Every structure is written in C-alpha cells, then in structure tokens.
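Please look at the structure below. Some questions about the terms applied to it follow.

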Amino acid sequence: MSVINSHIVALSAYKPPLEGRNPNAFTLLDFNERTIPVAENVKRALHDYIDAGRLQMYPAYGDVVARLAAYAEVAESQLMITNGSDQGIDLVFRAVSSSNAEAIIPGPSFAMYHQCAKVEAMTLREPKYTQKGGYPLVEVLSAINANTRIIVVSNPNNPCGTLVSVEAIQQIADAAPHAAILVDECYFEYSRATAVSLINDCSNVFITRTFSKTWGMPSLRFGYLMSSHENILALCNVRGPYDINQLAVVAANAALDDPSETQSYVTEVMEKAKPLVESWLDSAGINYWKSQANYLWCFPDEPEKVGDHLQQHGFLVRPKNYNDQVGLRITIGTLEQMHRLIDVWEVLLE
Ligand SMILES: Cc1ncc(COP(=O)(O)O)c(C=O)c1O
C-alpha cells in the first residue's frame, strides 16, 4: 500500500513531447518559444555572474521585484517572483484548495491547469472554447457554484490564441467573489492585453506572467505573479525563499536593462511574420483560429501528412486536437523563418 494519497498515485505526469527537439536540426515551432537566442547583454550577464565566483552563494534577489513592478505598472507590494509561471499557477491552486473544491477550466487549454487541479483533488468543470465565440463566458458564469474555488482565464489562451476582455474578467470576478480568478498572461508582450487594472479593486484576481516566451529564457524558469498586497503576502508564505534560480534573476535583470530588444522581436513576429503566415493560410484555404499570440492553430487537410512533411524539411510543429479534429499549432518566428516554412509547405500543396 502506498503512503502517497491515492488520487496522486492515480495521476499521470504532465510530459510535454520533448524528445528529439534538436535546435541544430530543426526550427522549433512546437512550444511557442522565441525562435532566436537571447540578447548578447543577457548572455554576458550570465557569464559575468559565474566568473565572479558567486555560484556557491544562496540566491539574493536584490531589487528585481521593484524593477518588475515598474515594468508591469503595479505597486511593488502587489508582485512576487516565481519559478516560471507554472509555479505561480500552482501556488494559486494550492492556496485556494479545500474539500469539495471545484475548478472551472475552459478547454482546450494549457495542461498545467488540469495537473494542478487534479493534484488538489478538485472537481473539474470544462466549458469549451469555440472558434466563433472564443472564451465560453456564459457557460463559465453558469458553472459557478458555492464550491467553485478557482476559475481560469488563459489570456490569450493556448492553443487557440483568443482573448477575454477586461470587462468580462471583471464580470467573472464579481460573479465569484469566493473564488480565485487566475488570469494567465504568459504571452503578455505579444497580446499587450492585461487585467492589471483590476487588482486594486478585485481582491480575487491573480495574474501570472513569465520570461519564458517573449523574453526567451524558458530554461531558466522565471516568472512573476501579481495580486492584492494581502494575497501576495499569503502566497509568499507558500513559496520557498530560494525557489527562483539566481541565474534567472541575473538574466531577467539584464533583459529588463534593454526591453527594446524583446520589443523588436515581438514587432517582427506580430506585425510582419504572423500577417505573412495568416495571409498564406487564407490563400491556401486553411482554417485557423484568430490569435493574439505568437502561434496559430490551424486545421489543414491531412494534418499528419503536413506535420511529417514539415518535420522532414526541418520544422517541428505541435499537433493539438479540437473535438475529433487534428489541428497543428504553429509558433510564429522571424519573417525569414516563416518564408522558409511557407516555401516548404507549398511544395506539399502543388
Ligand atoms: C498559457 C501558458 N501558461 C503558462 C505556461 C508556462 O510558462 P512557464 O515556462 O513560465 O512556466 C505556458 C507554456 O507553454 C503557457 O502556454
């Protein structure tokens, strides 16, 4: 008999398909990552930190919270740093869980929400996104009951890229004052949409962000969480004092020294490369969801064949299903990478 709780033993681990992701062999368009390396000053800061012989010291985070608060336009007391946004998400689930707790997680969406809910033995309610309506707001509002402890707003949602307005988030927060509203702004620099204006007045709103996507450092695991001062104090009681890697803070500080570098990548992706791919998909008659992030979820004929063909020609994309239909979620990279992708894909249509 296991001493571990039976519902934990019965879970399956969240295992993203990482095998074979060789960046020298493929252009990686399968994990919504930035497709070019971080800026030189970030690399230099990491080297300098190591060369200064400081790896043997426990982390000391300095003024990074103040710098992030200034960047995100919140008070310093309304922000805490986390080990990736995954940790921020997990902290909120852990902190609000109770017996008979229910989580409303519209789907399909990012797998970690399910994982965290299941670890807490929560009952899941999963209204469905639709291509026409996006976030299932009406269904979410009607799924709220006395046991609802958390409602997820993945904004923009992964894999579909759709956004929920601040007004709708406020409506959800008002309808469920006894539940946490988890607003995941993982792709914030792409969408520029934020619910930060709600945290002064809605004490149940929690916003997570990350340096994994636009800033290009998922391997370092750095994110931050914003909410009311009282909530941040409480969540800091759950997070460990050294959970965030010191090298992640060094890199994030260096990236914040020059946000224009990230901004110019975002501009290329959102204003040049993404419109190029969208207009090509339109001309090829391939259906895709309108997205506010650096990925497009599309539904070509024979999706497996397309995925295999792209892989054989050096591009990895990610299958993501909707109902019984196989879709492909494609990360948008630089203009040059997207031209190459289209050239390769076109061969298949000829
Ligand atoms: C919607 C969403 N939230 C959170 C994450 C995880 O981000 P992090 O690397 O900061 O844990 C991802 C990663 O793919 C994501 O798509």
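**Buried residues and paired strands**

Q: Why is Thr148 called buried?
A: Thr148 has a relative accessible area of 0%; buried means under 20%, exposed over 50% and partly exposed in between, with a 1.4 Å probe and protein chains only, so Thr148 is buried. The model is predicted: local features need pLDDT of at least 70, side-chain atom pairs count only at pLDDT 80 or more, and totals for chains, interfaces and linings use all residues. Residues are numbered from 1 along each chain as its sequence is written, and side-chain values use heavy atoms, leaving out hydrogens and water.

Q: Which residues does Thr148 touch, not counting those up to four places away in sequence?
A: Contact means heavy atoms within 4.5 Å, and Thr148 touches Glu102, Ile104, Ala143, His178 and Ala179.

Q: Why does Gln246 count as buried?
A: Its relative accessibility is 12%, and the cut-off for buried is under 20%, so Gln246 counts as buried.

Q: Which residues is Gln246 in contact with, leaving aside neighbours within four places in sequence?
A: Gln246 is in contact with Tyr49, Tyr58, Pro59 and Ala60. The side chain of Gln246 reaches the backbone nitrogen of Ala60 at 2.6 Å.

Q: What makes S2 and S8 a pair?
A: Strands pair if DSSP finds at least two bridges between them; 4 bridges join S2 (residues 79-82) to S8, and the two run antiparallel. Thr82 stands opposite Gly223 in S8.

Q: Which residues are buried on the two faces of S8?
A: Gly223 and Leu225 are buried on one side of S8 (residues 223-226), Tyr224 and Met226 on the other.

Conventions: A polar contact is a pair of N or O atoms within 3.5 Å; within protein, one must be able to donate a hydrogen and the other to accept it, and residues adjacent in sequence count only if both atoms are side-chain atoms.
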